[in-house]
Amino acid sequence: MQTVSANKTFLGTALTASRPVNRQAPRRAMATQASAATAFNTKRSEEIITEAKELLPGGVNSPVRAFKSVGGQPIVFDHVKGAYCWDVDGNKYIDYVGSWGPAIVGHAHDEVVAALQEQLVKGTSFGAPCELENVLAKMVIDRVPSCEMVRFVNSGTEACLSVVRLMRAFTKREKIIKFTGCYHGHGDQFLVAAGSGVLTLGLADSPGVPATTAAATLTAKYNDLDSVRALFEANPGEIAGLILEPVVGNSGFIEPTKEFLVGLKEICAENGALLCFDEVMTGFRIAKGCAQEHFGVTPDLTTMGKVIGGGLPVGAYGGRRDIMEMVAPAGPMYQAGTLSGNPLAMVAGIKTLEILGRPGAYEHLDNITKRLINGILEAGKETGHAMCGSSISGMYGFFFTEGPVSSFEDATKSDTAKFGKFHRAMLERGVYFAPSQFEAGFTSLAHTEADIDQTIEAVRDALKSIDP
């Protein structure tokens, strides 16, 4: 029987000391939740979303929140804590979205909140240098193999926009390569064969993107080195660099092969192009030193977000010193931001990375996430549903298809209608999964074995209610 005593020091009150998990408690909780499923009430959420549709495009401020691919009205959050979220109707859920990744130490972690409260009285924004920027920068540089210098921005999208400009400035070339189904924010050059919300809504590309911009973005197939070689051969001396999610999270969770990442580095080096890992999702989540540490492949540049801000809006890009010194005011490539290096975001990021650096943190993430995905897949097998999936540390995903899934093209074979039914059934049973088949899921240090066991029971019960 597994226990959780080794992780008590970094989880604080999230774990109940070193007692073995009570296997019957999750089942009793599940029975109660399942019996209440028919009375699942989201009336207040529906009222708020109905009003929001008159005020906000589609009623939301980010498309995937609209539940377009899973059906039903979105639920409206009221508050979050630890591994849980509560909606405005009082329903409680075990949360596997975690604000789309940032809540890796758990929502509203006491230490993060205390650090923010201390900073609030000093000021919420300076628009001037502060020492906190140095502190977080040193933490990033110390952990991330590719980073010799770093620039903080306000989102992952801004980081990716900036890094592409930097690749072009450094190489004096215009074209970039991205991979079909990989999402790097909503910048014009990225909305070509993008994943995530674009895929969820069934939009191949986005209106408003100039043809000249789209023409400078070349697309390759993930985990397929031949498709990359072909692009370099067809565009000799024209490609500035290549950007990819080292582990895809925006077409669902898709792992690379080690040979694929090594091959990309070699191809870029042979052609004088730069390699950038978009670690907005994977950064500090699948390893202390990000995906590049996990796989042992160091890119030229890296973009970061989510975890690095501890729940506040922040992003960053970093890399080799000779490249980063192209960025203004050290160099000619201009990029600026009023709120860049915001002290609140710096404080939240510093405390979050500090907590993640404590003994046992990544072991806990790996153990509970494996337990979760293995339980989900076993439940699928028991109930006759074709499913596949995997995980790395605190990031995971599953598809309603036999698999394996190694690219966007494979992911699109998933039964999205079935996922929609499954997602609603899980909400009714008190579990909040990402409202799209094409999004990765996230665990946190606050999730316990009891949470995982309750979730697996809910999955099994939900799958029994859906025809295979």
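A: Helices (H or I, at least four residues) and strands (E, at least two) are DSSP runs, numbered from the N terminus. This is a predicted model, where local features need pLDDT of at least 70 and side-chain atom pairs count only at pLDDT 80 or more, while totals for chains, interfaces and linings use all residues. Residues are numbered from 1 along each chain as its sequence is written, and side-chain values use heavy atoms, with hydrogens and water left out.

Q: OK, so what span should helix 6 have, and how far apart are its end C-alpha atoms?
A: Helix 6 covers residues 156–171, so its 16 residues should span 22 Å; the end C-alpha atoms are 23 Å apart, which agrees. K172 follows helix 6 and has a positive phi, near 60°.

Q: Which residues of helix 6 are buried?
A: Among them are G156, T157, E158, V163, V164, L166 and M167. Buried means under 20% relative accessible area, exposed means over 50%, and partly exposed is in between (1.4 Å probe, protein chains only).

Q: And how many helices and strands does the protein have?
A: There are 17 helices and 14 strands. Of the 468 residues in the protein, 57% are buried.

Q: Switching to charges: how many salt bridges are there in the whole structure?
A: A search finds 19. The criterion is a side-chain nitrogen of Lys or Arg within 4 Å of a carboxyl oxygen of Asp or Glu.

Q: Where do R44 and E47 sit relative to each other?
A: Both are in helix 3 (residues 43–55), and because they are 3 residues apart, about one helical turn separates them. R44 is partly exposed at 42% relative accessible area, and E47 is partly exposed at 39%.

Q: What about R371 and E449, are they buried or exposed?
A: R371 counts as buried at 17% relative accessibility, and E449 counts as buried at 4%. They form a salt bridge too, at 3.9 Å, N to O. R371 lies in helix 14 (residues 361–382) and E449 in helix 17 (residues 449–464), so this pair ties together parts that are 78 residues apart in sequence.

Q: Which residues are linked with E354 in a network?
A: E111, K351 and R358 are linked with E354 through salt bridges. The E354 to R358 bridge is 3.2 Å, N to O, and E354 is partly exposed at 34%.

Q: On to the greasy part. Which residues touch the most other members of the largest nonpolar core?
A: F179, L242, L244 and L264, out of 39 residues in that core. Helix 10 (residues 258–270) gives the largest share, 5 residues. A nonpolar core here is a set of buried Ala, Val, Leu, Ile, Met, Phe, Trp, Tyr and Cys residues joined through side-chain atoms within 4.5 Å. A second, separate core has 36 residues, including F40, Y96, Y396 and M426.

Key. Expected span 1.5 Å × (residues − 1).
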